[in-house]
Structures are given as C-alpha cells and as structure tokens.
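This report covers aromatic pairs and nonpolar cores.

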Amino acid sequence: LYAVGGSMGGLISLKQAEDSRFAERTVGVYALCPPAAGARAWDSGFDLRMAYDAVCAGVGGGELIRGDEPLAWAMNLADIPEELSLSGRSDPAVRTLARINQCTGLNLPPALRTPPQRDRLRRITELSRIPSEDFLLVNLAYATFAIGELTRAPDKLGARSAFDNRAVTYGTDPGFEAGVLRQAADPWAAIALRQSSNITGAASARILSLHTDGDLLVLPHHQQALGLKYPYGNLVQAEVREDVDSQCGFRRAELVAGWRALREWTTGGVKPTVASLQQRCEAVQAGGEPGPCRIAALPAYDLDAAIRPRAPEPANTVDGLWFDPARDGEGVVVELVGDPLSYRQRGPQRAVVSWFTYPPNGAPGNQRWLVGVGEVHDNAIVVREMTQT
C-alpha cells in the first residue's frame, strides 16, 4: 500500500501508516503539505478567532456568529454551511462574510475601507501573522466554520473545548490582552484531539513529503514536527519555492517526480535527495508534464515562531502503584516500558496498565484484574484493549 494525500489528506496518510490495521502493508507515504503538528494546527485557528473577537468587539454587525454558551466562540451546527467556505451562497456564509466586511472591509476594495476598518484589519493581520488577505479570509473560514464543527459535532469533540489559551501572549498591548477571551481545555477533549490528530513516529514506511513555501493555511513550519518524529533514513523532505503563495499549489511535473522517486525508493532504489528530485522533475517536464520545477531544500523552520505554543503538558510521572483510600482493595499499577527518549523516533512510549478491582455484583470470585498495554500521550495513557481475568 501507498498512502497519498494533500493538506489534511497528507496528515491522514501519515496516520494511516501508523495505524496497526495498515502499518505492515504500507510501504510508502506521499504526504503533500501535511499539517504534521496535528492538534497544533487547530490552535492557530482558535487563536485567530480569539484575536478577531477581541479586535472586533463592539463593532455593530461586525462580530462573528456565536454559538451556545459556554463555548460561544464555536458556532452551532445548524449555522454551519455544508461547504466550509466563505464564498458559498448559503445564508450562514453570506452573513459571516458581511460581518467580516463590517469590521475589517476585508472583502472590499482598499479604497472603500474606512480608516477604522483599515486599522482593525491591520491589527488582525499582525496578530494572526497572515500577511495575505486571501489567505486571511480562508483561515477565518476555518476559524469560524471548521472549528465550530470540530467542537460541536457529536462524533468529534461533542461540545467540549480542546483549546487552552490561558498562557498564550497575543501581543504587547496589555489592554488588548485583557480583552482576549481565555479558555481552559476539557482535558479529555484535548487528549481526544491529540490522539486523533498527532503523529507518533511509529510507522516503518518510507515517507516523502513536499510543501509549498507560500502556504499560509498549513504552514511549511509543520515540516519541523514531521522531521522530529521520523529518522533521517525513513524521511525525505523538500520545499517548492513559489512566486505566488498557494496551498499545495504544485506543478504536475513536481508531483509526478516525487511519486516516481518514492516508488523507486520503496522497491530497492536509492533514497531521493532534493537535488535528485529537482533533476527528475526537469526530466519529467521535458517528457511533456507541465512545469516549472521549483524543488529546493527545506529551511530550518521553528513551529513555535508561527503557532503560539501552549503551556507545556506536565511530565508523565505515573509510574507506580495508585489507589484511592476510599476504595479499599482496588487500584492501578502502571509500569512504563523502555527508555522514553528512544521512543521519540519510533513512536510513543508504552506502558503496562493493570487495574485490580472487584467483579460485578453477583459474579463469582473476590477480585477482578484488567491488564493492557497502552500508549503514553503527553500526560495521558491510552489503553485500547484489556484482558480480563
């Protein structure tokens, strides 16, 4: 199997290669512009919504549509259009676009924007670190519609917040900082989002990942997260240098070159390099595929410089025997397995979890044990299956 995808599909391809149902058969991953930092990609959208709400507070008709309390920043499902875009014809999309225009004039010609609109747009642009107005509009669509759907949908977060910005600094103006809504995350929702979105580094497949350098929706800084999870021997990363910013705006010759290089690498060929990818692309272009070829080395990106970091998760120090004195004869034994540093390149650290408790009322015996092996994710251990004795 080869897992192939672009943007969110690039992340899904990486997750597929780590999934035990596919891992042994997946030999290659072609991940294009993947949000490889997982849950942190949503943090940037949440920060944009918080910045917009603070800047546009009190602007009549300029506030974004709100949902039910206490998560008013997350739109209700009934207000979210099926197409997550601000360019749709649905009433919610049109209403949202009108509100953004009222506050910032974003969708108006610059000459028609009032001075207050220009000032508010400038502030939002600086706070979001998105210099392109076109990309700002797209990011606002995700910050409004997609985050609302992610938070509200019963098969996703189920009206629980996975976002915590209590330790985030948005700017240098204390007055503005005081006006930004501060949200604490539901710990179970945060774990669920990280588990479904974050890569672990557990795949054995060979990975080739390309990113456009002008991507302001899924920033190329996400490549840093991918590089930290997978060793050099299993990973090739490159960047396409653009004259005009785009989201995964590759030329066909670039895509074909990367695909053929991955196929050869996984069938006994040599590992591709940035130079060999560019040469292969030029050969593909000479054979009739549309170019140009713009493949170059990936710079040393710093994700924290692009997406404001959250407060660090506490270190996992659960190794040992744990019990509640109020429940005598019941407890949990946790044993971390292996060296945690060695797992940074080979997937999450694991832990053996043994829960000793009582059998159900009326069942035979005096004690019941449930034992399983789980994965350590930040300050949580996730055990999917347990053996009961």
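F46 and F163 are both buried, where buried means under 20% relative accessible area with a 1.4 Å probe, protein chains only. This is a predicted model, in which local features need pLDDT of at least 70, side-chain atom pairs count only at pLDDT 80 or more, and totals for chains, interfaces and linings use all residues. Residues are numbered from 1 along each chain as its sequence is written, and side-chain values use heavy atoms, without hydrogens and water.

There are 6 aromatic pairs in the structure. Rings of Phe, Tyr and Trp (its six-membered ring) pair if their centres lie within 6.5 Å; planes under 30 degrees apart are stacked, over 60 edge-to-face and the rest tilted.

| Pair | Centre to centre | Angle between planes | Class |
|---|---|---|---|
| F46 and F163 | 4.9 Å | 5 degrees | stacked |
| W73 and F163 | 5.9 Å | 75 degrees | edge-to-face |

F46 lies in helix α2 (residues 39-55) and F163 in the loop between α5 (133-152) and α6 (174-179), so this pair ties together parts 117 residues apart in sequence. Helices are DSSP runs (H or I, at least four residues), numbered from the N terminus. W73, in the loop between α2 and α3 (91-104), is 90 residues from F163, and W73 is also buried.

The largest nonpolar core has 49 residues, of which Y52, W73, L136, F163 and L193 touch the most other members. Such a core is a set of buried Ala, Val, Leu, Ile, Met, Phe, Trp, Tyr and Cys residues joined through side-chain atoms within 4.5 Å. Helix α2 gives the most to this core, with 9 residues.

How values were computed
Helices (H or I, at least four residues) and strands (E, at least two) are DSSP runs, numbered from the N terminus. Buried means under 20% relative accessible area, exposed over 50%, partly exposed in between (1.4 Å probe, protein chains only).
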